[in-house]
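Please look over the structure first.

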Amino acid sequence: MARSNLSRRQFITRTGLVVGGVAIAPSVLAACGDSGGGDANSISISNWTSYIGESSVKDFERATGIKVTYTEDINDNNEYFAKIQPNLQKGKSIGRDGFVLTDWMANRIINEVKWAQPLVAAKIPNKSNLRAALASPGFDPTRRYSLPWASGMAGIAYNTAQTKGEIRTLDEFFRAPGTKTVLSEMRDTIGLLMRADGKDITKPTYADAQPAFDRLERAVKDGQIAGFNGNEYVNDLATGNLAAAIAWSGDVAQIARDNPNIKFAIPESGGTLWSDNFMIPVTSEKPELASRWINYFYDPVNAAKLTAYIQYISPVDGVAEELAKLGGDAAALVDDPLVNPSEEFLATLAIFGPDRKSTRLNSSHT
């Protein structure tokens, strides 16, 4: 029988996310502080770890005169939702003028709880550079409330020094020696497992997902999977504490620059594709300044510098040409399918579909 609502809490229970006595469930943290601080010409932005170049904030400040408090405090969509929920549901400030969340959570923020306010179109002339493929998502068809910060894919990251060989399939991942983890983002972990089962994740149902949940539960009980995480796996993979992980492409690209033993593979059965989207919370009193923030990164020159650092797929047209102009390692990214994928490579990926009916798979937070 299909479930109408498979929440992350049920996902935690279903897959045994209490591993080794450590619960992965998000703690409800109270957001605090006034939007953008006391300076009227300042903004405060929340984003994921390692999702901006080291100099980009200062470059923006110099170019615009706007002071930025930039915080890397998003580790997991549901965890961040739990953090901002107490204030936003009461119409109180969360101390942020912008945050970046994944497609399905953006849908919830925009359409279900209605915690996003419109971007100020007059302050975003560079929106014209948005890639056509990302211009009309179902959750925000005119991009009135959101613009993608970056796109990426989920696959398998592994350390060849520990796995003693390549990993190309989910079966090889589960059998590989050493400590392994998977993402707490259900759509990526379960999406990959569903694809290995030959299921269509663009139209997900609980019946199709059931075998994936069962397999993951067995893997936890059998000790094949040691834990669940957001992108805090980055440090463990880089330091050798992890042999392999279901991971996000850009994170791994960054680690691999310093450790040639770190590899990333899209399973032969296929990977998942997603975007993280910039939005302005309804409680921000500085939507014009926040809109200028995202506009800056839609200039292909600035977008190329950002892409060279984070090594995710840019949503901005013209980035490949600007990467080539930068030369060196940046120019090499033009030929990297994880950063500048071909149409053939994109054909191996699928986007986890939305919950449209009661029989669909839903990961809303409860």
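**Enclosed spaces and packing**

The lining of the largest cavity has 13 nonpolar residues, two polar and no charged. This is a predicted model. Its chain carries 15 helices and 13 strands. Of the 366 residues in the chain, 57% are buried.

**Overall fold**

**Largest cavity**

- The volume of the largest cavity is about 80 Å³.
- Its lining comprises 15 residues. Nearest the centre lie Trp149, Phe297, Leu306, Ser314 and Pro315.
- Two elements give two or more residues each to this lining: strand E7 (147-159) and helix H12 (300-310).
- H12 is the top contributor here, with four residues.

**Second largest cavity**

- The second largest cavity holds about 40 Å³ of space.
- Its lining consists of Ser56, Asp59, Tyr296, Phe297, Asn302, Lys305 and Leu306.
- By class, that makes three nonpolar, two polar and two charged residues.
- Helix H2 (56-64) and H12 each provide at least two of the lining residues.
- H12 again has the largest share, with three residues.

**Helix H12**

- How much of H12 is buried? Eight of its 11 residues are, so H12 is largely enclosed by the rest of the structure.
- The buried residues of H12 are Pro300, Asn302, Ala303, Ala304, Leu306, Thr307, Ala308 and Ile310.
- Which elements do they pack against? The partners are E7, H10, helix H11 (287-296), helix H13 (319-326) and H14.
- E7 packs against the buried residues of H12, and E7 and H12 each give two or more residues to the lining of the largest cavity.

**Second largest pocket**

- The second largest pocket has a volume of about 350 Å³.
- It is lined by 18 residues. Ala253, Arg257, Gln311, Leu333 and Asp336 lie nearest its centre.
- Helix H10 (249-256), strand E11 (262-265) and helix H14 (328-332) are the elements that give two or more residues to this lining.
- The lining divides into 13 nonpolar, one polar and four charged residues.
- H10 and H14 contribute to this pocket, and both pack against the buried residues of H12.

**Packing of H7 and H8**

- Two packed helices are described by the angle between their axes and the distance between the axes.
- Helix H7 (residues 186-196) meets helix H8 (residues 206-221) at an angle of about 100°, and their axes are 9 Å apart.
- The two helices are therefore roughly perpendicular to each other.
- On the H7 side, the contact uses Met186, Thr189, Ile190, Leu193 and Met194.
- On the H8 side, it uses Asp208, Ala209, Ala212, Phe213, Arg215 and Leu216.
- By class, the residues of this contact are eight nonpolar, one polar and two charged.

Terms used:
Residues numbered from 1 in each chain as written. Predicted model: local features only at pLDDT ≥ 70, side-chain atom pairs only at ≥ 80, totals over all residues. Heavy atoms only, no water. Axes fitted to C-alpha atoms, helices over the stretch in contact; angles between N-to-C directions. Parallel < 35°, antiparallel > 145°, perpendicular 65-115°, else oblique. Contact = heavy atoms within 4.5 Å. Nonpolar A, V, L, I, M, F, W, Y, C, P; charged D, E, K, R; others polar. 1 Å grid on protein atoms, 1.4 Å probe; cavity = no way out; pocket = protein on both sides within 12 Å on 5 of 7 lines; lining within 4 Å. Points joined across faces, edges and corners; volume = space filled by probe spheres on them. Buried < 20%, exposed > 50% of the residue type's maximum accessible area, 1.4 Å probe, protein only.
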